[in-house]
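Reader: I would like to go through some features of a model and learn how each is read. Please give the general idea, then the case at hand.

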Amino acid sequence: MSISVKNLSKHYDKQKAVDAISFEAKPGRILGFLGPNGAGKSTTMRMLTGYLEPTSGSAEISNHNLLTQAIEAKKNVGYLPENTPLYTDMYVKEFLNFVGQTYELKNLANRVDEVIKQVGLGPEQHKKIGMLSKGYRQRVGLAQAIIHNPEVLILDEPTSGLDPNQLVDIRALIKELGKNKTVVISTHIMQEVEAICDDIIIINKGKIVANDTLDGIKKANNQESLEDIFRKLTA
Ligand SMILES: Nc1ncnc2c1ncn2[C@@H]1O[C@H](COP(=O)(O)OP(=O)(O)OP(=O)(O)O)[C@@H](O)[C@H]1O
């Protein structure tokens, strides 16, 4: 199993931001992680990438425990945070080289060229990150997330704020990456879920209220629209 989460919780004082959730995710599938604002999506994603320590419970990435085998676990996960904090003063290639060095990658120059091609950054690769449009910045964010070829990709609202053209391109890219990785993507756009996700988890107030395939959740709810199902489960 690429991701295995058991009774994972994060409490901020008395608030249970994430409340004993358990789930698994498999390779070659894209898991949509849905929930209203403040449901606990980003908090869960931060715990899955080792950025945030859980209050209790455990999470494994590629069979490595994130607490006790943190280095191995982190090698197997790539992360695109919600508001991608990129180094705007760095050039695209400079930044990707910098990230690659932190993973001590071999043949780094080749790998940087490879990911630039893979995410469609070719025409913009000689620019400073600060000069790029939001869509191209997201491509840099995706490039840094996949540079070490991780088995698991965690993408926190990767298409928010993109124009319709970039949106379609980035979705296609995520779909392509999902063919041989385990991708977890959070989004508020139900159309996006329909377009790219195989499986769905809906989280509400820190608890999982649905965990099914896209087809399964629709069948279980008399083929209602995903918007209606979402509202019913999270109202
Ligand atoms: N550092 C923190 N300190 C205190 N409370 C926090 C902290 N980070 C998150 N929270 C709270 O935990 C809850 C879950 O937040 P989280 O950011 O995980 O939600 P989310 O589902 O990602 O929301 P959104 O869709 O708005 O991004 C929220 O009530 C939030 O206010």
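Reader: Which residues point one way from strand β6, and which the other way?

Author: In a regular strand the side chains alternate between the two faces of the sheet. The model here is a predicted one. In β6, residues 77–80, V77 and Y79 point one way and G78 and L80 the other way. Each of these residues is buried, which means that 20 or more other C-beta atoms lie within 10 Å of its own.

Reader: Which strand pairs with β6, and in what sense?

Author: Strand β7, residues 152–156, pairs with β6 in the parallel sense, over four bridges. For L80, the bridge partner in β7 is L155.

Reader: In what order do the strands of the open sheet come?

Author: The order of the six strands is β6-β7-β8-β3-β9-β10, with mixed pairing. β6 and β10 stand at the edges and have a single partner strand each, so one side of each lacks a neighbour in the sheet. On average, neighbouring strands of this sheet are turned by 15° against each other, direction ignored.

Reader: How many bridges join β3 and β9?

Author: Strand β3, residues 30–34, pairs with β9 over four bridges, in the parallel sense. L31 has D199 as its bridge partner in β9.

Reader: Which strands does helix α9 lie across?

Author: Helix α9, residues 226–234, lies across β3, β9 and β10. Its direction is at about 35° to β9.

Reader: Next, helix pairs. At what angle do α5 and α6 pack?

Author: Two packed helices are described by the angle between their axes and the distance between the axes. For helix α5 (residues 134–146) and helix α6 (residues 164–177), the angle is about 10° and the axes are 10 Å apart. Angles under 35 degrees count as roughly parallel, and α5 and α6 are therefore roughly parallel to each other. The crossing of α5 with α6 is right-handed.

Reader: Which residues of α5 and α6 meet?

Author: From α5 come G135, Q138, L142 and I146; from α6 come Q166, I170, L173 and L177. By class, this contact of α5 with α6 has five nonpolar residues, three polar and no charged.

Reader: How do the axes of α3 and α4 cross, and at what angle?

Author: The axes of helix α3, residues 92–102, and helix α4, residues 108–118, come within 10 Å of each other and cross at roughly 125°. That angle makes α3 oblique to α4. The crossing of α3 and α4 is right-handed.

Reader: Which residues of α3 meet α4?

Author: K93, L96, N97, G100 and Q101 in α3 meet L108, R111, V112 and V115 in α4. The contact of α3 with α4 divides into four nonpolar, three polar and two charged residues.

Reader: Where does K205 lie, and what is its phi?

Author: K205 lies in the loop between β9 (199–204) and β10 (207–213). K205 is not a glycine either, and its phi is positive, at about 45°. K205 counts as partly exposed because it has 16 C-beta neighbours inside 10 Å.

Terms used: Residues numbered from 1 in each chain as written. Predicted model: local features only at pLDDT ≥ 70, side-chain atom pairs only at ≥ 80, totals over all residues. Buried ≥ 20, exposed ≤ 12 C-beta atoms within 10 Å, placed from the backbone. Helix = DSSP H or I, 4+ residues; strand = E, 2+ residues; numbered from the N terminus. Pairing = 2+ DSSP bridges. Axes fitted to C-alpha atoms, helices over the stretch in contact; angles between N-to-C directions. Parallel < 35°, antiparallel > 145°, perpendicular 65-115°, else oblique. Left-handed = near helix turned anticlockwise from the far one by under 90°. Contact = placed C-beta atoms within 7 Å. Nonpolar A, V, L, I, M, F, W, Y, C, P; charged D, E, K, R; others polar.
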